[in-house]
Amino acid sequence: MTETNQELIRIEDLFIDYETDDGIVHALNGVSLTLHVGETLGLVGETGAGKTTLAKGILRLIPDPPGKIKEGKIWFEGKDLLELPEHAMQEIRGQSISMIFQDPMTSLNPVMTVGEQIQEVIRNHNPELDKEELHAWSCAMLEKVGISADRIDEYPHQFSGGMKQRVIIAIALACNPKLLLADEPTTALDVTIQAQVLDMIRTLKQELNTAMMLITHDLGVVAQNCNRVAIIYAGEIVEIGDLRQIFKRPTHPYTIGLLESIPSLAKDVERLNPVKGMMPDPTDLPPGCKFAPRCKFVCERCAQRVPDLIDIGDGHMVRCINSKDTQSYASTRE
Amino acid sequence: MWKYILKRLLMMIPVLLGVTFIVFFILAMTPGDPAAIILGDQASAEALELKRIELGLNDPLLIRYFNYLLNMIRGDLGTSYKNQISVAAQVIDKFPNTAILAVAGILVALLIGIPIGILSAKKQYTALDNTSMVLSLVGVSMPNFWLGLLLSLLFALKLGWLPSQGMGEEFIPLLKSLVLPAITLGTGAAATVVRMTRSSLLEVIRQDYISTARAKGLPEKIVTKKHMLKNALIPIVTAVGLQFGQLLGGAMLTETVFSWPGLGRLMVDSIASKDIPMVLGAVIFMAVMFSFVNLVVDIVYAFIDPRIKSQYRKAGFTKKEVRA
């Protein structure tokens with residue numbers, strides 16, 4: 001994979017709340033992340049951890065009300081996206097940063113042809129193009145994702161789920177974005193189609209040298225596609241590092257739990273080994289470490305304050321005060 | 001598509017049969033002797049009997065019904081008891097007046113209803129939304145004739161700006177006389193359109209494809225117009241179509257309040273004078289108009305939503321074509 005260390009986007013201390021009738025949901029609580037040019041970062045966490053909120057937050061697509069970006073900075077090409085006026089943000093969306101949404105069945109407008117929907121994003125960012133150029137461009141995009149260009153005038157209901165997701169990918173990549181936010185792009189698809197779609201995303205992103213944030217809860221997908229991995233829990237990054245660091249030396253108890261929960265083919269396992277307990281109620285988060293109530297390694301100090309994200313070597317960062325103990329546990333695990 | 005339209009037109013036949021059947025028998029059962037209505041109280045018993053034979057009133061009900069149907073197929077809806085003019089001619093004479101009022105009323109409803117509905121949905125739960133919801137509740141609840149009376153009190157009697165009665169002949173007087181009845185009809189319909197637009201749009205606003213559209217970097221205006229509105233249109237078209245169908249059949253209360261020479265008033269007058277063929281003819285005409293507008297609405301669906309279009313195509317196929 002082409003990898004440079006040039007920084008593409010840097011998120012600093014991002015806080016996002018949803019203000020609902022039942023109280024304030026703290027969806028993101030101080031997320032900091034950096035993505036480099038051409039890199040693929042896997043963002044892993046369970047449902048409700050704040051993965052989608054983070055991606056939508058980067059594009060400022062959080063519906064307001066109820067969503068509020070409370071504080072933080074998102075540095076992209078020297079500018080703080082959170083400070084930009086709306087029209088400048090519109091220039092970035094679809095052009096520099098694109099997003100693929102979770103459910104292909106509902107992500108395309110049912111009353112527009114797929115061609116119009118691809119052309120729309122191209123025209124929006126290249127208003128100087130005439131009709132034929134737009135048509136040629138959108139046909140090329142469709143071919144690129146493996147759909148014959150003569151289907152350009154068809155409507156989404158004439159396509160299967162996997163094909164729709166390809167169209168969505170064509171829309172997202174049409175303007176050659178620098179960053180692609182893929183929010184569980186394959187969760188709603190059959191396993192066989194999943195592999196095809198992921199292969200296609202991987203090839204295209206290499207071809208276009210696009211960086212990608214791949215949101216998923218499937219560690220297998222992460223292992224195959226990502227250079228780096230960030231584990232998110234209750235709106236906080238709890239561990240972030242290179243693929244090898246996370247899979248070979250998992251250090252945060254939550255990461256260890258996630259990896260232990262993968263059933264092994266080699267061993268005869270009677271029962272799955274899940275991370276016990278539930279994620280805390282985001283309207284009423286525990287003080288201190290948010291994973292403490294479910295943690296095997298919990299001690300008194302855990303509940304006192306939120307642990308910092310500390311570097312345990314070579315950019316491998318962990319938000320746990322017991323990282324030494326957990327690491328020695330993880331190394332004896334096999 | 002054409003097959004579907006033909007099918008729908010054929011389906012109007014049983015609907016009309018049903019309507020004529022019900023109305024014919026209800027009117028036949030109403031008390032009062034048509035012969036006495038035509039000849040007046042002073043007529044002799046022999047004269048009445050002769051009239052009854054002439055009108056075929058002594059035949060059994062079913063025979064009369066079938067005779068009526070046969071005449072209807074030939075376009076003959078009978079003659080009015082009151083003035084001996086053909087019912088069909090009178091209906092056709094009044095229909096343009098009603099149509100003008102209906103179009104004006106629906107325009108008022110659309111011009112008020114759609115923009116306010118959109119604003120209301122986009123600014124859900126704000127002061128603007130709440131105000132428009134309360135106003136539309138008032139609009140739905142307020143009886144038409146009462147609003148009409150209030151309007152003519154203010155603008156015709158007090159301010160003297162607009163006529164309160166009748167329909168102008170020339171273009172400008174016609175427009176002037178149209179304002180008050182059109183507003184009276186339009187506000188009621190507008191209230192329904194506001195609520196329909198708002199609720200339908202609110203459903204669409206939360207859809208994933210709206211997020212996709214925004215993620216393309218489209219300006220919010222285009223997202224609203226191209227993505228939200230077109231998808232929200234079907235329930236709105238349905239509501240507007242129903243309202244329009246009703247208005248085309250004549251707005252009885254509004255036409256009476258403003259002495260508008262349309263179908264609604266014709267109907268009210270005919271009921272008052274027990275002019276049975278006239279009432280029957282007018283009701284059948286209303287039913288035809290209503291079914292027709294509904295058909296148009298269903299065809300419009302196909303142009304809004306390609307999924308419906310492909311369904312219509314399938315519905316139009318006969319078995320033979322499917323095999324071929």
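## Close-up views of a predicted model

**Figure 1. The two sides of strand β3(A).** T40(A), G42(A) and V44(A) point one way from β3(A), L41(A) and L43(A) point the other way, and all are buried. The model is predicted. In a regular strand, side chains alternate between the two faces of the sheet. Strand β3 of chain A covers residues 40–44. Five of its five residues are buried, so the strand is largely enclosed by the rest of the structure.

**Figure 2. Pairing of β3(A) with β8(A).** Strand β8 of chain A spans residues 211–216. It pairs with β3(A) in the parallel sense. Five bridges join the two strands. Which residue of β8(A) is the bridge partner of L41(A)? It is M213(A).

**Figure 3. Pairing of β3(A) with β9(A).** Strand β9 of chain A, residues 228–233, also pairs with β3(A). The sense is parallel, over four bridges. Here L43(A) stands opposite A230(A) of β9(A). L43(A) points the same way from β3(A) as L41(A).

**Figure 4. Helices α7(B) and α8(B) crossing.** Two packed helices are described by the angle between their axes and the distance between the axes. Helix α7 of chain B runs over residues 144–158, and helix α8 of chain B over residues 171–205. Their axes come within 9 Å. They cross at roughly 140°. The crossing is right-handed.

**Figure 5. Residues at the α7(B)–α8(B) contact.** From α7(B) come N144(B), L147(B), G148(B), L151(B), S152(B) and F155(B). They meet L180(B), P181(B), I183(B), T184(B), L185(B), T187(B) and G188(B) of α8(B). How many charged residues does the contact have? None: the classes are seven nonpolar, six polar and no charged residues.

**Figure 6. The two domains of chain B.** Domain 1 comprises residues 2–73 of chain B, and domain 2 comprises residues 91–322. Their C-alpha centres lie 32 Å apart. The contact takes 16 residues from domain 1 of chain B and 15 residues from domain 2 of chain B.

**Figure 7. The side of domain 1 of chain B that touches domain 2 of chain B.** Helices α1 (2–29) and α2 (34–39) of chain B each supply at least two residues of this side. Which element gives the most? It is α1(B), with 13 residues. By class, this side of domain 1 of chain B has eleven nonpolar, two polar and three charged residues.

Conventions: Residues are numbered from 1 along each chain as its sequence is written. Chains are lettered from A and ligands numbered from 1 in the order in which they are written. This is a predicted model: local features need pLDDT of at least 70, side-chain atom pairs count only at pLDDT 80 or more; totals for chains, interfaces and linings use all residues. Domain bounds come from an automatic or database domain assignment. Two residues are in contact if their C-beta atoms, placed from the backbone, lie within 7 Å. Ala, Val, Leu, Ile, Met, Phe, Trp, Tyr, Cys and Pro count as nonpolar, Asp, Glu, Lys and Arg as charged, and the others, Gly among them, as polar. Axes are lines fitted to C-alpha atoms, for helices over the stretch in contact, and angles run from 0 to 180 degrees between N-to-C directions. A crossing is left-handed if the near helix is turned anticlockwise from the far one by less than a right angle, and right-handed if clockwise. A residue is buried if 20 or more other C-beta atoms lie within 10 Å of its own, exposed if 12 or fewer, and partly exposed in between; C-beta atoms are placed from the backbone. Two strands pair if DSSP finds at least two bridges between them.
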